[in-house]
Amino acid sequence: MKLIIAGATGFVGKEILRHALRSPEFTSIVTLGRRAVDIEDQYAEKLTDLVLDDLNHYSTSARAKLANADACIWTIAVAWTKSMSLPFDEVKKASLDYTIAGIRAISESNATEKPLRFIYFSGALVDRDLTKVVTTRPEYAKLRGGVEVELLEYATKNPAAVQVSCARPGYILGDRGPGSVTPNLPPEVPRVKLEECVAAVLKQSVDGIEQDPILNDDLVRIGQQALSRYIS
Ligand SMILES: NC(=O)c1ccc[n+]([C@@H]2O[C@H](COP(=O)([O-])OP(=O)(O)OC[C@H]3O[C@@H](n4cnc5c(N)ncnc54)[C@H](OP(=O)(O)O)[C@@H]3O)[C@@H](O)[C@H]2O)c1
């Protein structure tokens, strides 16, 4: 099957790519982002790396590379911690505008009879009720909730073209490289291991979307079931 991974240069996307490349279930992989993926891999011949200067606009040749995908796992966004150091307009552009432009371009490029499975990485604290009062960084919380709402609206209007599921991990436990420090999180913040997250979304992209949203505990459960299938 053909899988698109948007944001394969990031912490989560990089690991999704690494395991998808090793799995014979994915015969064609397209990575999508603002810079090239850094990969030296014996399986790289099944990879097409699509780098776009502007992730709001998809040329005819970009659309051709994305055409007829079975699934897309979307991890492009400005994460909560990084959002504090950027102007809100930039955070919004990368987190909302690019996601909506992406689902449109990829689903419009799908000429198969089957709807595209679009799995979007959101977060455990995201809420689709945009009227709720949020005290911690309300602008960012509403932005991320709004992305889920817009994705679901698009899928509802285009049921033959796309199905959407939002994965909502808590803190993802994994190796963030040298110098990274694990934050001192309160115990109530849910946690999921990176390999569980990866296995869970790869399984959903192949077997079909089990539910929406996929909460942290669901990612742990589905990921555990699929660990031996995808994580070597
Ligand atoms: N990590 C966690 O513990 C965690 C927990 C809950 C939810 N999530 C969510 O999961 C998703 C992925 O998280 P992550 O930890 O993998 O994040 P990450 O390491 O920051 O990666 C984010 C991806 O988005 C791209 N990106 C960011 N800003 C961009 C911009 N302005 N233009 C184009 N591309 C841009 C990055 O590209 P570059 O590599 O070029 O910067 C990268 O490919 C995010 O939505 C995050 O909120 C993460």
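This is a predicted model: local features need pLDDT of at least 70, side-chain atom pairs count only at pLDDT 80 or more; totals for chains, interfaces and linings use all residues.

Reader: Which residues come nearest to the ligand?

Author: Of the 22 residues around the ligand, the nearest are T9, G10, A77, A94 and I172, where being near means that the C-beta atom, placed from the backbone, lies within 6 Å. Two or more residues of this shell come from each of α1 (11–22) and β7 (171–173), and α1 gives the most, with three residues; helices (H or I, at least four residues) and strands (E, at least two) are DSSP runs, numbered from the N terminus.

Reader: Switching topic, what does β2 pair with?

Author: Strand β1 (residues 2–6) pairs with β2 in the parallel sense over five bridges, pairing being called when DSSP finds at least two bridges between two strands. I4 has V30 as its bridge partner in β2. On the β3 (residues 47–51) side, five bridges again join parallel strands, and I29 stands opposite L47.

Reader: And T135, why does it count as exposed?

Author: T135 counts as exposed because it has 6 C-beta neighbours inside 10 Å, and the cut-off for exposed is 12 or fewer other C-beta atoms within that distance, with C-beta atoms placed from the backbone. T135 is found in the loop between β5 (116–121) and α5 (138–157).

Key. Residues are numbered from 1 along each chain as its sequence is written. A residue is buried if 20 or more other C-beta atoms lie within 10 Å of its own, exposed if 12 or fewer, and partly exposed in between; C-beta atoms are placed from the backbone.
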